Amino acid sequence: MSIHAIVLAAGKGTRMRSTRPKVLHPAAGKPLLGWVLDAISGVDADRIAVVVGHGSDEVTAELPDGVESVLQEPQLGTGHAVRIALEHLDGIDPNDTILVAYGDTPLVSAQHYRRLLDVAPGHAVVLTTVTPTPEPFGRIIRDGEDRIVGIVERDDCTPEQAALTEGNGGIYAFRAADLGEALDRIEDHNAQGELYLTDTVGILADSGLAMTSVAADPIEALGVNSQEELSVAARYLRRRINRDLMESGVVIDDPERTHVDAGVVVDPGAVLRPGVYLRGSSRVGAGAQVGPDVTCIDSVIGSDSLVWYAVVREADIGSDCDVGPYTSLRPGTVLEDGSKAGSFVEIKKSTVGAGAKVPHLSYIGDASIGAGANIGAGAITCNYDGFNKYPTEIGAGANIGSDTMLVAPVKIGDGAFTGAGSVISEDVEADALSLERSPQKHIPGYARKRRDENKLSED
Ligand code: UD1
Ligand code: CA
């Protein structure tokens with residue numbers, strides 16, 4: 001007996017008020033549908049079919065290998081969507097189990113799917129949740145003996161039904177033949193004029209089939225239909241990620257203010273301070289201290305490095321580095337081990353060699369800085385002439401004086417010095433000092449004379 005999973009993702013998501021298909025909205029760094037498919041990958045499904053409709057090309061493009069897409073056009077309701085998926089999944093044995101999930105419930109875990117499948121043989125099973133605020137859910141109707149006899153959508157509820165506190169979590173397991181027969185009998189005589197999957201539950205109960213439920217926490221069953229619900233789901237997913245990180249030995253000062261995307265790796269022993277956003281494919285090594293207030297996108301922060309009050313994008317920070325406060329590391333920046341990028345420093349597409357320092361107020365672009373070099377305060381690379389970008393090479397152990405303008409293309413040899421305030425547009429040989437300054441003039445008494453003149457005119 002096989003399991004086949006059907007995930008519904010064809011709806012418009014009108015209540016999101018967004019041009020993006022609802023199931024592609026990210027929560028904690030992963031699209032809603034990605035969370036659902038990842039959880040389902042934890043059960044041993046033979047085939048997984050995602051029903052697509054609105055934004056079908058975009059949604060299909062995001063599907064992982066091995067997941068099939070089925071087009072539902074037009075979208076006539078959740079029951080219609082499952083019918084189309086069943087037609088697509090031909091060759092199903094009548095006794096196979098069909099797992100149905102919605103693409104907008106990112107908090108349902110693999111464990112819930114497994115629990116549902118454990119009780120499925122011989123039953124139709126639905127995930128339910130009891131909550132004092134059942135507003136977003138269809139209501140579960142039970143008879144005097146506590147048996148499930150139907151599900152009524154909120155817009156179709158009588159006042160008594162609306163007051164029921166058990167909601168439909170929207171995950172189901174059915175015997176294939178039972179589901180197919182019930183789907184043939186659903187109708188669209190309801191408030192929305194749609195073919196509801198939920199009506200199959202009443203039809204199956206009427207035919208005497210055993211119906212059962214698996215309970216979930218209301219938060220776990222949360223479906224995302226609006227931006228507000230998206231923010232709630234994201235908050236709980238973040239909590240889960242942070243809890244797992246802390247269990248593994250990561251120190252998190254304030255989990256509510258620490259945002260780690262699903263794909264990020266943080267090694268045990270790292271410390272995350274408040275206001276940290278670790279996004280995309282970022283990685284943080286053991287002993288690193290990140291934050292307060294760091295946004296780090298698709299970047300690596302090596303072990304034992306300190307990065308605080310910084311924006312780091314597609315950059316690679318080695319071990320024992322020192323970054324911040326107020327530093328912008330842009331794509332292509334490589335900080336080798338033990339190097340420093342300090343206050344009000346911007347670095348783009350450049351390598352800072354091991355132990356080299358860019359401590360204050362610099363722009364470094366298209367440059368390579370050798371090991372142990374020091375870049376004085378305010379020194380910058382002038383890499384752009386308004387048309388093209390040019391490289392700057394600074395040798396190992398070089399000492400770039402404060403406020404040096406390095407007009408690229410230009411090379412500074414190993415161990416060379418440049419004088420403070422120089423505009424360096426020619427290569428400097430190793431171990432030389434290069435200066436470019438006008439001679440300093442001295443005019444004794446000038447200041448006093450000006451003061452006296454001005455005093456006279458005031459009198
Ligand atoms: C649905 C359930 C409700 C349950 C809630 C749980 C129905 C009729 N109602 O309501 O009982 O409490 O989920 O979250 O099933 N979709 C399609 N094709 C369609 C219509 C919808 O693929 O023609 C997809 C949507 O993209 C979405 C999912 O089905 O991912 C659920 O649709 P949605 O409109 O969000 O249903 P709810 O009103 O939340
Ligand atoms: Ca929904």
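**Sheets, ligand site and single residues**

A: Nine strands, paired in the parallel sense, make up an open sheet whose order is S14-S17-S20-S23-S26-S29-S32-S35-S38. At its edges are strand S14 (265–266) and strand S38 (410–412), each of which pairs on one side only. Strands here are DSSP runs (E, at least two residues), helices are runs of H or I with at least four residues, and both are numbered from the N terminus; two strands pair if DSSP finds at least two bridges between them.

Q: What should I keep in mind about where the numbers come from?

A: This is a predicted model, in which local features need pLDDT of at least 70 and side-chain atom pairs count only at pLDDT 80 or more, while totals for chains, interfaces and linings use all residues. Residues are numbered from 1 along each chain as its sequence is written, chains are lettered from A and ligands numbered from 1 in the order in which they are written, and side-chain values use heavy atoms, with hydrogens and water left out.

Q: Back to the sheet: how many bridges join S32 to S35?

A: Three bridges join strand S32 (residues 367–369) to strand S35 (residues 392–394), and the two run parallel. Within this pairing, serine 368 has glutamate 393 in S35 as its bridge partner.

Q: And how is the protein divided into domains?

A: There is domain 1 (3–216) and domain 2 (250–434), with bounds that come from an automatic or database domain assignment. Their centres, taken over C-alpha atoms, are separated by 50 Å.

Q: Is S1 mostly covered or mostly open?

A: S1 is mostly covered, since seven of its seven residues are buried, where buried means under 20% relative accessible area, exposed means over 50% and partly exposed is in between, with a 1.4 Å probe and protein chains only. Ile3, Ala5, Val7 and Ala9 are buried on one side, and His4, Ile6 and Leu8 are buried on the other. In a regular strand the side chains alternate between the two faces of the sheet.

Q: Which strands does S1 run parallel to?

A: S1 pairs with S6 in the parallel sense over six bridges, and histidine 4 stands opposite isoleucine 98 in S6. Six bridges also join S1 to S4, again in parallel, with isoleucine 6 opposite alanine 49 in S4.

Q: What covers the buried residues of H3?

A: The cover includes strand S1 (3–9), strand S4 (47–52), strand S5 (67–71), strand S6 (97–102) and helix H6 (176–183). The buried residues of helix H3 (residues 78–88) are Gly79, His80, Ala81, Val82, Ile84, Ala85 and Leu86.

Q: Switching to ligand 1, which residues come nearest?

A: Of the 23 residues around ligand 1, Gly11, Gln72, Tyr102, Glu153 and Asn168 come nearest; a residue is near a molecule or strand if one of its heavy atoms lies within 4 Å of it. A polar side-chain atom of lysine 22 lies 3.3 Å from an oxygen atom of ligand 1, while a backbone N or O atom of glycine 77 lies 2.8 Å from a ligand oxygen atom.

Q: Why does histidine 259 count as buried?

A: Histidine 259 counts as buried because its relative accessibility is 17%. This histidine 259 is found in strand S13 (residues 258–260).

Technical notes:
Contact = heavy atoms within 4.5 Å. Polar contact = N/O pair within 3.5 Å; in protein donor to acceptor, adjacent residues only side chain to side chain.
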